[in-house]
Structure formats: C-alpha cells, structure tokens
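Reader: I've got a model open and want to talk through its salt bridges and its pocket. Can you walk me through them?

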Amino acid sequence: MANADLNTLTESYERFKADVQKGSFGKTAQFWLSYMDSVWIALSLIRSVKENNFPLYLHCLFLMPNLFFTFGGHNYSRYLTHLAVFLANIEESHLGALAFLERGAI
C-alpha cells in the first residue's frame with residue numbers, strides 16, 4: 001500500500017470517527033466508540049507498565065479521570081488528577097526522580 005493511500009485511509013477513518021462522535025450514526029455507534037476508546041486507554045496503561053514507558057503511563061493517567069468520573073468514581077477521579085499533575089511535575093519537585101522512574105520504578 002502506498003504512503004498516499006495509507007494517508008487517505010487514515011484521514012477517512014478519522015472523519016468517520018468524528019461523525020460517530022457527533023452522533024451521525026446514532027446513539028449505539030456513539031456508545032460503542034466511547035467504549036472502544038475506554039478499552040484502548042486501559043490497554044495502553046497496561047502496556048505502559050509492562051514496557052516501563054513512563055510518558056505513555058503519564059498520558060494514560062491524564063485520560064483516565066474522565067472515565068472514573070463518568071462511572072461514578074468521583075474520588076478516584078479527583079485523586080488520579082492530583083497524581084497525574086504531581087507526576088507531570090516530578091522533575092521540578094524531586095530532582096532525579098524522573099530518571100529513577102524511567103529505569104523501572106513504575
């Protein structure tokens with residue numbers, strides 16, 4: 001497959017996803033797309049821990065509070081947001097901690 005074909009396919013998929021999120025294909029499609037996004041966040045979190053990928057881990061932590069808030073875990077959402085902000089600024093507050101985390105502390 002040529003690079004231009006792949007770009008065209010990717011762009012059309014992104015347009016399709018945007019249409020589904022707007023509700024153009026109904027509430028069921030919208031629900032399943034949000035479910036798939038939630039599953040991808042969870043799988044990405046598992047992958048980040050297994051591969052010791054701290055930037056991906058941090059990215060997942062920033063995406064997960066919305067998930068917890070949606071399903072009634074307000075305290076989880078609140079404290080996870082605090083943890084994500086703390087970890088995002090860890091190099092400023094604790095010098096050398098980021099290198100430690102990247103070596104295998106997560």
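Predicted model: local features only at pLDDT ≥ 70, side-chain atom pairs only at ≥ 80, totals over all residues.

Reader: Is E51 buried, partly exposed or exposed?

Author: Buried needs under 20% and exposed needs over 50%. E51 has 46% relative accessibility, so the class is partly exposed.

Reader: Which residue does E51 form a salt bridge with?

Author: The cut-off for a salt bridge is 4 Å between the nitrogen and the oxygen. The closest N and O atoms are 3.3 Å apart here, and the partner of E51 is R47.

Reader: Is K17 buried or exposed?

Author: Buried means under 20% relative accessible area. K17 has 19%, so this residue counts as buried.

Reader: And which helix holds both K22 and D19?

Author: Their side chains meet in a salt bridge at 3.6 Å, N to O. The two are three residues apart, about one turn of the helix, and that helix is α1.

Reader: On to the largest pocket: which helix gives the largest share of its lining?

Author: The pocket holds about 200 Å³ of space. Both α2 and α3 supply at least two lining residues each. The largest share is six residues, and they come from α2.

Conventions. Residues numbered from 1 in each chain as written. Heavy atoms only, no water. 1 Å grid on protein atoms, 1.4 Å probe; cavity = no way out; pocket = protein on both sides within 12 Å on 5 of 7 lines; lining within 4 Å. Points joined across faces, edges and corners; volume = space filled by probe spheres on them. Helix = DSSP H or I, 4+ residues; strand = E, 2+ residues; numbered from the N terminus. Buried < 20%, exposed > 50% of the residue type's maximum accessible area, 1.4 Å probe, protein only.
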